[in-house]
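Dear colleague,

Please find below the structure that I am handing over to you. My findings follow it, and I would ask you to read them with the structure open.

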Amino acid sequence: MKKKHKIMLAIVSIITVVTILGVISFFTYRRISENKILEKGIHFMDSKEYDKALVLFDLDYKSKNKEALEYKDMIKEYLYSKKLFNENKAEEAKNEIKKINSSYVKFYGLKDDVDNLEIKIDDSMKKISEFNKIKELIKKKDSNEATKLLKDLEKEKLNLNEKKEIKKFNDEIKYIEDEKINPKEAKRIKKEKEEILENKSHWNTFYKAVQLVNGVLPEGTDFIYEGIMSKDKIQYYQFLDTDLVRYAVPLKKSDNVYLVVSNYGEPILKLINN
């Protein structure tokens with residue numbers, strides 16, 4: 001009996017040791033796997049491959065890795081700031097970028113992107129402030145001070161919308177100056193320009209007509225421009241595709257008609273949004 005008892009104890013001891021070693025091995029292996037995933041995610045973050053990094057940090061976060069969660073949040077906050085900035089929401093982008101954990105500086109790729117974005121946001125907010133000052137000066141008809149600020153602003157790197165805004169400011173300043181010399185003539189010129197702009201908004205350009213035709217044709221279909229056609233006192237840009245089907249876009253947007261003329265049958269009228 002004693003011998004059997006000793007054998008049983010020995011077996012239990014062996015099973016216990018094997019179990020403990022197995023558990024230790026499992027957690028050690030899991031920890032090594034988690035570390036490898038984290039290291040790979042950091043590598044992607046440094047190389048600015050944020051989509052790949054997020055996938056790996058998400059896997060690690062599910063394993064309760066706090067570092068993975070922290071890194072994942074940093075990337076998401078940066079990407080959201082960038083999105084806001086690209087939507088011309090500089091102030092919101094500034095607020096969002098401030099939320100990024102300061103430890104982002106440890107990662108070269110992310111640090112480079114965050115720092116550059118912050119510079120762009122600050123520059124944009126400075127320009128917004130300058131634009132607002134010019135608007136206020138124009139409202140007050142202070143053309144001299146507005147001109148000084150505009151000249152400084154024109155030296156900076158500007159996007160297309162900002163260039164358009166500056167052109168608009170210059171026109172308004174010119175009107176203020178002209179009004180001082182000859183108020184009646186200045187008002188006449190201003191009204192004339194406003195009418196021209198209003199008329200432009202009612203007409204399709206040739207480029208817009210090409211876009212509209214491209215939009216209804218199967219991808220890769222070729223077509224040629226045949227010139228201006230008239231039908232029922234309406235003028236159209238006319239095009240012909242490789243299947244000998246004609247497409248016509250009205251010059252005047254208010255006509256709001258899209259005409260497809262087929263050589264196999266009667267013309268077909270379709271309504272479209274210009």
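Of the contacts in the protein between residues at least 6 apart in sequence, 44% join residues at least 24 apart. Please bear in mind that the model is a predicted one.

As for the overall layout, the protein has 9 helices and 5 strands. Along the sequence they follow the pattern α-α-α-α-α-α-α-α-α-β-β-β-β-β. The protein has 274 residues, of which 31% are buried. Its accessible surface is about 19300 Å², and carbon and sulfur atoms account for 57% of that area.

I then turned to helix H6, which covers residues 143-154. Which residues of H6 are buried? They are Ser143, Ala146, Leu150 and Leu153. Viewed down the axis of H6, the buried residues fall within an arc of 85°, and they therefore line one face of the helix. Asn144, Lys148 and Lys151, on the other side of H6, are exposed. The cover over the buried residues of H6 includes helix H5 (108-139) and helix H7 (160-181).

Ile100 lies in the loop between helix H4 (90-97) and H5. Its relative accessibility is 8%, and because buried means under 20%, Ile100 counts as buried. What does Ile100 touch, leaving aside its neighbours within four places in sequence? Ile100 is in contact with Met74, Glu77, Tyr78 and Val114. Ile100 and Tyr71 are 29 residues apart in sequence, while their C-alpha atoms are 9.7 Å apart in space.

Finally, I examined the aromatic rings. The count comes to 10 aromatic pairs. In one of them, the rings of Tyr225 and Phe239 have centres 5.4 Å apart and planes at 50°, so this pair is tilted. Tyr225 lies in strand S1 (residues 223-231) and Phe239 in strand S2 (residues 234-241), so the pair ties together parts that are 14 residues apart in sequence. With a relative accessible area of 37%, Tyr225 is partly exposed, whereas Phe239, at 1% relative accessibility, counts as buried. Both residues belong to a cluster in which ring pairs link Phe206, Phe223, Tyr225, Tyr237 and Phe239.

Yours sincerely,
A colleague

Note on methods: Residues are numbered from 1 along each chain as its sequence is written. This is a predicted model: local features need pLDDT of at least 70, side-chain atom pairs count only at pLDDT 80 or more; totals for chains, interfaces and linings use all residues. Side-chain values use heavy atoms; hydrogens and water are left out. Helices (H or I, at least four residues) and strands (E, at least two) are DSSP runs, numbered from the N terminus. The expected span of a helix is 1.5 Å times one less than its number of residues. Buried means under 20% relative accessible area, exposed over 50%, partly exposed in between (1.4 Å probe, protein chains only). The arc is that of the directions from the helix axis to the C-beta atoms. Contact means heavy atoms within 4.5 Å. Rings of Phe, Tyr and Trp (its six-membered ring) pair if their centres lie within 6.5 Å; planes under 30 degrees apart count as stacked, over 60 as edge-to-face and the rest as tilted. Accessible areas come from the Shrake-Rupley method with a 1.4 Å probe; for residues, only the protein chains shown count as cover.
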